[in-house]
Amino acid sequence: MAATVWTGRTRQAVTTLGTMTRASHSAVKSHYDAVIIGGGHNGLVAAAYLQKGGLKTAVLERRHVLGGAAVSEEIIPGFHFSRCSYLLSLLRPHIFRDLELKKHGLKLYMRDPHAFTPMLEGGVGGLPPRSLLLGSDLAMNQREIGKFSETDAKAYPEFITHLDKLAVAIHPLLDSPPVDIAGLTGGALRRRIAALRSALPLVQCGLKLGKNIPDFYEIITAPIMKILNRWFESEPLKATLATDAVIGAMTSPNSPGSGYVLLHHVMGELEKEKGAWGYVEGGMGGVSKAIASSARSHGADIFTEQDVHQVLVGSDGSAKGVVLKDGTEIYSRVVLSNATPYVTFKTLTPQSALSPAFIKAVDQIDYTSPVTKINVAVDKLPNFLAAPTPDGKPGPHHQCSIHLNCESVEVLQTAYEDCKEGRPSFRPMIEMTIPSVLDPTLAPPGSHVVLLFTQFTPYSLVGGRAWTDQDREAFADSVFSWIEQYAPGFKSSIVGKDILTPPDLERIFGLTGGNIFHGAMSLDQLYLARPLPSLSDYRSPIKGLYLCGSGSHPGGGVMGSPGWNAALAAMADLKRG
């Protein structure tokens, strides 16, 4: 069958989940209490809370579809892709409840088992190659790990318990702004008292950690391999766990601070199950659609294809609204930006309103990304040598995050080093998901959507050269060739594909540098320093202008928390006058 190809340079969407155009809503009004730039999930959460708080709110999204990175698009006719983000976990439980997202149509598919790592090796005695399958069944996990090391199988339960203790302890920090240092050290008595309250989540975190504080400090500062080598000896297990320490990050398992990225990805929760990740019916656009529905039910106005040109700044130095690219001016009491800090302050804010020192600091924020996302339509289910399913029916492993080229940590390290030299990884790290095995709405019967989150690819190639369509095709073909070795017949099953390199992710979704977190999740860009020390409370140097995207604390992936906290900050400031 001939394959249809959409590269990252092609805008094609037959249908989109959650699209709301100007024709389906009343026109944008000239005055609002609050205007939100960008209809990503955090912007939509902010809109819902602002509107619930009694502020007439408008969301202005430049694309034809809501959701930012959490979108569903029919790139290949009949196949609906979670085009950018692809799994749900870190949606904060209180937001899920407050906004009644189930009532507004959010349906989840839980995954168990959740991780599958097949080996690229010859079978022994006519048996298939080995594989590692992990899920919620601890006894099964130990049997699977025991295929590689009985010592590791015995150590694994204690490791998971240890990791859970650290992850649960920092939950209070996810739902609260960082400590108000300026308020603690100066200002009026009322502000100092409020600042003391802002320290309570940090105190709660410390109390929960207790004697584990040194362990917590180590895991957020150390290379993840320092931790994993202490616990385990088998390479497939260490490599599988290490993928969560580097996923989406331009870092290696041997880089200091990679331990925090692992912790970041295990501290999620879904349907009250700690650390669980699941699929959203209809794709990730289903999350955005539900949040938007909740916001609209409270009276928020939400628009697509409304491209903001600039924030309006008055003579008093405060935000007064926005002007669209067509020249339309929309006035508001506050403006919240769901864009990255770079786009917010380098593109949307008049440079004359910001100090040279602040602009220089914004220029230093790290947005390096190693990710190329490849969305693939196939006419049959991949059949893995390590877990054959010749009847074409999904096995338990097909619902997992499928880790390819993860036989050893050395493979991951080499892939990283290739990218550091300006080359796409020769043997890339591949995380494959096939959500259509649980969600029948995504593909025609018998066919499937295959989502490939691949690393490591540079933003610019050797010598600063930009990606060409030929470069995209070459890298995608390399990825498909590696998959072919694990699942023969994969390449011939491809119906169409959508290739998104870091520059494509930047251009299409507004992700500066192609970074899925709106800025690197490195220690110098977390908590009090996210995205900068002067911006950690969501407020900008422009009075009335706030950051509500993933570039703010607690960072990318923690769905809703930046939007919620930014909305609370804006409402508190308006109340104070």
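## Contact between helices H11 and H12

In this predicted model, helix H11 meets helix H12 through Leu 241, Asp 244, Ala 245 and Val 246 on the H11 side and Ser 258, Val 261, Leu 262 and His 265 on the H12 side. By class, the contact comprises five nonpolar residues, two polar residues and one charged residue.

Two packed helices are described by the angle between their axes and the distance between the axes. Helix H11 spans residues 235-246 and helix H12 spans residues 258-266; their axes come within 6 Å and cross at roughly 95 degrees. H11 and H12 are therefore roughly perpendicular to each other, since angles of 65 to 115 degrees fall in that class.

Twelve aromatic pairs are found in a search of the whole structure. One of them joins Phe 159 and Trp 231 in an edge-to-face arrangement, with 5.4 Å from centre to centre and 65 degrees between the planes. This pair links distant parts of the chain, as Phe 159 belongs to helix H4 (residues 150-169) and Trp 231 to helix H10 (residues 224-231), 72 residues apart. Phe 159 counts as buried, at 1% relative accessibility.

Phe 159 also pairs with Phe 232: the ring centres are 5.0 Å apart and the planes stand at 75 degrees, so this pair is edge-to-face. Here again distant parts of the chain are linked, with Phe 159 in helix H4 and Phe 232 in the loop between H10 and H11, 73 residues apart. Both Phe 159 and Phe 232 are buried. Ring pairs link Tyr 156, Phe 159, Trp 231 and Phe 232 into a cluster.

## Salt bridges

Side chains of opposite charge can pair when their charged atoms come close. The whole structure contains 28 salt bridges according to the search. In one of them, the side chains of Asp 301 and Lys 29 meet at 3.1 Å, N to O. Asp 301 lies in strand E12 (residues 301-303), whereas Lys 29 lies in the loop between strand E1 (4-7) and strand E2 (31-37), so the pair ties together parts that are 272 residues apart in sequence. Asp 301 counts as buried, at 9% relative accessibility, while Lys 29 counts as partly exposed, at 38%.

The side chains of Asp 175 and Arg 92 form another salt bridge, at 2.7 Å, N to O. Asp 175 is in the loop between helix H5 (171-174) and helix H6 (181-185), and Arg 92 is in the loop between strand E5 (79-82) and helix H2 (93-98), so the pair ties together parts that are 83 residues apart in sequence. Asp 175 and Arg 92 are both buried. The salt bridge between Lys 320 and Asp 316 has an N to O distance of 3.2 Å. Lys 320 is partly exposed, with a relative accessible area of 33%, and Asp 316 is exposed, with 55%.

## Buried residues in loops

His 104 is located in the loop between H2 and strand E6 (108-110). With a relative accessible area of 16%, His 104 is buried, because the limit for that class is under 20%. Not counting residues up to four places away in sequence, His 104 touches Leu 99, Ala 290, Ser 293, Ser 294 and Ser 297.

Pro 113 occupies the loop between E6 and strand E7 (115-118) and counts as buried at 8% relative accessibility. Beyond residues up to four places away in sequence, Pro 113 touches Leu 133, Leu 134, Gly 135, Met 140, Pro 396, Gln 399 and Cys 400. Although Pro 113 and Thr 433 are 320 residues apart in sequence, they are 13 Å apart in space, C-alpha to C-alpha.

His 398 lies in the loop between strand E16 (371-378) and strand E17 (401-404). At 0% relative accessibility, His 398 counts as buried. Its contacts, leaving aside neighbours within four places in sequence, are with Leu 381, Pro 382, Phe 384, Thr 389, Lys 393, Ile 434 and Val 437.

Definitions and conventions: Residues are numbered from 1 along each chain as its sequence is written. This is a predicted model: local features need pLDDT of at least 70, side-chain atom pairs count only at pLDDT 80 or more; totals for chains, interfaces and linings use all residues. Side-chain values use heavy atoms; hydrogens and water are left out. A salt bridge is a side-chain nitrogen of Lys or Arg within 4 Å of a carboxyl oxygen of Asp or Glu. Helices (H or I, at least four residues) and strands (E, at least two) are DSSP runs, numbered from the N terminus. Buried means under 20% relative accessible area, exposed over 50%, partly exposed in between (1.4 Å probe, protein chains only). Axes are lines fitted to C-alpha atoms, for helices over the stretch in contact, and angles run from 0 to 180 degrees between N-to-C directions. Angles under 35 degrees count as roughly parallel, over 145 as roughly antiparallel, 65 to 115 as roughly perpendicular and the rest as oblique. Contact means heavy atoms within 4.5 Å. Ala, Val, Leu, Ile, Met, Phe, Trp, Tyr, Cys and Pro count as nonpolar, Asp, Glu, Lys and Arg as charged, and the others, Gly among them, as polar. Rings of Phe, Tyr and Trp (its six-membered ring) pair if their centres lie within 6.5 Å; planes under 30 degrees apart count as stacked, over 60 as edge-to-face and the rest as tilted.
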